[in-house]
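Welcome, and thanks for taking a look at this one. Please have the viewer open beside the text, and we will walk through a few spots together.

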Amino acid sequence: MSATLLILSAPSGTGKTTLARRLVAAHPGAIFSVSYTTRAPRPGEREGVDYHFVDDARFDAMIQGGEFVEWAPVHGHRYGTPRAAILEAQRRGALVVFDIDVQGGSAIKRQYPEALRALVLPPSLAELERRLRARSTDDDTTIRRRLHAARVEVLLARAEGYEYWIVNDDLDRAYADLEAIVRAEGCRAGRADLQKILE
Ligand code: ADP
Ligand code: 5GP
């Protein structure tokens with residue numbers, strides 16, 4: 001069984017982390033790719049769960065060591081995806097879920113063309129603003145910056161040719177869409193062991 005690489009991107013606050021965590025929890029053996037970042041943890045965030053929080057020197061060393069599949073500056077900090085999660089998923093034929101931005105998702109797609117990219121969309125920018133305020137992790141200036149970035153991110157995902165668009169209006173409905181994508185991928189030609197079936 002080959003690995004399934006599923007990239008979830010969305011404007012910040014749309015709900016991609018909620019969806020990604022739920023997907024990984026529902027699939028025993030699935031891997032959530034924990035990115036590295038140079039930004040400080042937000043209240044409630046845990047080392048090794050939400051991110052690996054590292055300083056600039058460590059991030060530089062990881063770049064030098066070729067440990068990232070991709071890395072990029074986002075909102076003034078650096079974020080990188082470790083190659084380790086992909087290698088582990090390939091070894092086990094597992095599902096690996098990436099919770100990253102469009103530039104990162106597209107960089108992974110260039111190296112792993114079999115990867116699937118899904119863009120999670122808010123029902124509207126007004127609803128996105130409401131969710132960002134409800135999350136209460138960002139100040140007013142940051143929220144305004146994120147709303148501007150949201151428009152750019154969505155247009156970029158369309159230009160980059162993201163394979164799937166999921167509108168996160170109702171969480172359960174959006175999650176069902178995500179499950180449908182994973183399920184369809186499991187039925188892709190070449191996934192079943194035809195040799196064994198025909199012996
Ligand atoms: P992201 O990872 O895209 O930044 P989060 O998963 O942190 O977003 O979700 C942002 C906020 O929106 C959270 O408070 C989450 O509980 C809430 N949320 C997610 N999906 C929905 C939805 N369909 N309806 C209402 N609130 C939602
Ligand atoms: P936040 O600081 O809100 O958690 O994330 C800010 C942005 O960085 C989000 O758009 C998120 O998707 C993106 N991001 C998180 N991890 C990575 C990564 O490993 N690589 C890239 N390129 N972007 C990432």
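## Leu87 in helix H3

Leu87 is partly exposed, with a relative accessible area of 47%; here buried means under 20% relative accessible area, exposed over 50% and partly exposed in between, using a 1.4 Å probe and protein chains only. The residue belongs to helix H3, residues 84–92. Helices (H or I, at least four residues) and strands (E, at least two) are DSSP runs, numbered from the N terminus. Along the chain Leu87 and Ala3 are 84 residues apart, yet 9.3 Å separates their C-alpha atoms.

## How to read the values

This is a predicted model, in which local features need pLDDT of at least 70 and side-chain atom pairs count only at pLDDT 80 or more, while totals for chains, interfaces and linings use all residues. Residues are numbered from 1 along each chain as its sequence is written, chains are lettered from A and ligands numbered from 1 in the order in which they are written, and side-chain values use heavy atoms, with hydrogens and water left out.

Helix H7 covers residues 171–186, and its 16 residues should span 22 Å at 1.5 Å a residue; the end C-alpha atoms are 23 Å apart, which agrees. The expected span is 1.5 Å times one less than the number of residues.

Which residues of H7 are buried? They are Ala174, Tyr175, Leu178, Ile181, Val182 and Glu185. Viewed down the axis of H7, these buried residues fall within an arc of 110°, so they line one face of the helix; the arc is that of the directions from the helix axis to the C-beta atoms. Their cover includes strands S1 (4–9), S7 (95–99), S8 (116–121) and S9 (164–167), along with helix H1 (16–26).

## Around ligand 1

Turn next to ligand 1, which 14 residues surround, the closest being Gly13, Gly15, Thr17, Thr18 and Asn168; a residue counts as near if one of its heavy atoms lies within 4 Å. H1 gives the largest share of this shell, three residues, and H1 and helix H5 (125–135) each supply at least two.

An oxygen atom of ligand 1 lies 2.7 Å from a backbone N or O atom of Gly13, and a polar side-chain atom of Thr17 is 2.4 Å from an oxygen atom of the ligand. A polar backbone atom of Asp169 lies 3.0 Å from a nitrogen atom of ligand 1. Taken alone, ligand 1 exposes 570 Å², and the protein buries 75% of that; these areas come from the Shrake-Rupley method with a 1.4 Å probe.

Is Arg39 buried or exposed? At 9% relative accessibility, Arg39 counts as buried. Arg39 sits in the loop between strand S3 (36–37) and strand S4 (52–53). Beyond neighbours within four places in sequence, Arg39 is in contact (heavy atoms within 4.5 Å) with Glu45, Tyr51, Phe53, His77 and Tyr79.

Ligand 2 is surrounded by 17 residues, the closest being Ser35, Arg39, Tyr51, Glu70 and Tyr79. An N or O atom in the side chain of Arg39 is 2.7 Å from an oxygen atom of ligand 2. A polar side-chain atom of Arg42 also lies 2.7 Å from an oxygen atom of ligand 2. Taken alone, ligand 2 exposes 510 Å², of which the protein buries 94%. Strands S5 (68–74) and S6 (77–82) are the elements giving two or more residues to the shell around ligand 2.

How values were computed: Polar contact = N/O pair within 3.5 Å; in protein donor to acceptor, adjacent residues only side chain to side chain.
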